Amino acid sequence: MGYPDQRFDVNLSILFTELPLLERPAAAAAAGFTAVELWWPWIETPTPPQAELDALKKALDDAGTQLVGLNFYAGQLPGPDRGALSVPGEESDRFRANIEVAADFAASVGCTALNALYGNRVEGADPQVQDALALENLVLAARAADRVGAILLIETLNKPESPLYPLVSAPAAIEVVDKVNAATGLGNAKFLLDLYHLSMNGEDLSQVIKAYAAKTGHVQIADNPGRGAPGTGSLPLERLLDELKDAGYTGWVGLEYKPGDRPSAEAFDWLPASARAAG
């Protein structure tokens, strides 16, 4: 049990950001990791030129890294946005334009998990209208994910850092997961269980794991306070990951934490080198 018993991947949108995007897969590989994940890398556009998609695929392939998670277009992230799919108008249109692009790229690199961030509440917009739009777009995303053999992830964020994001509890995200699965009949919508965000919301992490491990498609971790590497805060992450495994979760654990003041390559000393390559 413990950390060596997990399948870890590195989030290249929060770690190794001191390097250009195309150099990050090789840096993760040099640190001993064979699996990575990404937020949507092209913040300004949901439809980047094919040459840029090809270049990212080549960087992943050349490094020998497997992409195991990818966000759909989510607006300015990092930045003020928390997704686009429930935001009426141009942002919803951008999300829709991105669906097949992201799904096709995932298929090209063998990535089987696509994360759809819900989006913030918008001043002047009826929350019910936003939720109806969200369900419509999530159904489209779930079908596209299914077409390429992938799951669709729905993520809880935390209220202190994302005050306008409506999914700030595990039950809120699970409710959306269930609605999407009911609408599509595909069953490929899953919960993205981020232990940092849930802890920031004050949730009982052990209880969330017991209740929702079966509906969980991906896990992410960072310590709290500070969103740093495991051991920099007070969360019992090793025990919680053991609880997830005991509850039947066998998927990936994304390292989505801030490296602090040091280079990213030095932010993994909590994890033995022998436990970094995914078996």
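**Rings, charges and pockets**

User: What makes the contact between R7 and W252 a charge over a ring?

Analyst: The charged end of R7 lies 4.1 Å from the centre of the W252 ring, and sits over it. The term requires NZ of Lys or CZ of Arg within 6 Å of the ring centre and within 35 degrees of the ring normal. This is a predicted model, where local features need pLDDT of at least 70, side-chain atom pairs count only at pLDDT 80 or more, and totals for chains, interfaces and linings use all residues. Residues are numbered from 1 along each chain as its sequence is written, and side-chain values use heavy atoms, with hydrogens and water left out.

User: Why is the pair of Y3 and W270 called edge-to-face?

Analyst: Ten aromatic pairs turn up in a search of the whole structure. In the pair of Y3 and W270, the centres are 4.8 Å apart and the planes are at 75°. Rings of Phe, Tyr and Trp (its six-membered ring) pair if their centres lie within 6.5 Å; planes under 30 degrees apart are stacked, over 60 edge-to-face, the rest tilted. So the Y3 and W270 rings pair, and they are edge-to-face. Y3 comes before strand 1 (7–11) and W270 after strand 8 (252–255), 267 residues apart. Strands (E, at least two residues) and helices (H or I, at least four) are DSSP runs, numbered from the N terminus. Ring pairs also link Y3 and W270 into a cluster with others, including F8 and F16.

User: How do you know that S199 is buried?

Analyst: S199 has a relative accessible area of 15%. Buried means under 20%, exposed over 50%, partly exposed in between (1.4 Å probe, protein chains only). S199 therefore counts as buried. Y3 and W270 are both buried too. S199 lies in helix 6 (residues 195–200).

User: What makes five residues in the lining of the largest pocket polar?

Analyst: They belong to the polar class. Ala, Val, Leu, Ile, Met, Phe, Trp, Tyr, Cys and Pro count as nonpolar, Asp, Glu, Lys and Arg as charged, and the others, Gly among them, as polar. The lining of the largest pocket also has six nonpolar and six charged residues. For the second largest pocket, the classes are nine nonpolar, no polar and four charged.

User: Which helix gives the most to the lining of the second largest pocket?

Analyst: Helix 4 does, with five residues. Helix 4 (127–147) and helix 5 (170–184) each supply at least two.
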